[in-house]
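Please keep the sequence and the model in view while reading.

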Amino acid sequence: QVQLVERGGGSVQAGGSLTLSCTASVYTVGFVCMGWFRQAPGKEREGVASIDTAGNDVYADSVQGRFTISPDYAKNTLYLQMSSLKPEDAAMYYCAATPTAQCALGPAALERSEYPYWGEGTQVAVSS
């Protein structure tokens, strides 16, 4: 069973930066496709970024150029570096994993239905 624990959420001002971490169970980071999702109150959970075992990453248009997903294989941890944060980035952020080495192709890599394993989430607030 894959276990995922997110950390690093908090409150920042617009324009600021924050880095989220996702500590995973053994044989997860670097072994399977993983992603970050977020859900704001009253909205659907949406894909933010994904990365496969070859290091190929996919980003939602709304975060492209501002967010970076990266793995630390030694620490079995997945990071989401967020910069130039906007109030609309405020949400609960979730780490997720698939059972496959490759992510789905294209936009499907950010589809919630592709990910059966989820963490509990970490809250990000952005003030204007």
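The sections below treat the basis of the model, a strand pairing and the disulfides.

## Basis of the model

The model is predicted: local features need pLDDT of at least 70, side-chain atom pairs count only at pLDDT 80 or more, and totals for chains, interfaces and linings use all residues. Residues are numbered from 1 along each chain as its sequence is written, and side-chain values use heavy atoms, with hydrogens and water left out.

Strands are DSSP runs (E, at least two residues), numbered from the N terminus. Strand β1 covers residues 4–7. Buried means under 20% relative accessible area, with a 1.4 Å probe and protein chains only.

Strand β3 (residues 18–24) runs antiparallel to β1, and four bridges join the two; strands pair if DSSP finds at least two bridges between them. Leu4 stands opposite Ala24 of β3.

## Disulfides

The whole structure holds two disulfides, each a pair of cysteine sulfur atoms within 2.5 Å. In one, the sulfur atoms of Cys22 and Cys95 are 2.1 Å apart. Cys22 belongs to β3 and Cys95 to β9 (residues 91–97), so this pair ties together parts 73 residues apart in sequence. Its S-S torsion is about -75 degrees, so the disulfide of Cys22 and Cys95 is left-handed. Both Cys22 and Cys95 are buried.

Another disulfide joins Cys33 to Cys103, S to S 2.0 Å. With 100 degrees about the S-S bond, the link of Cys33 and Cys103 is right-handed. Cys33 is buried at a relative accessible area of 1%, and Cys103 is buried at 14%. In sequence order, the bonded cysteines pair 1-3, 2-4.

Notes:
Buried means under 20% relative accessible area, exposed over 50%, partly exposed in between (1.4 Å probe, protein chains only).
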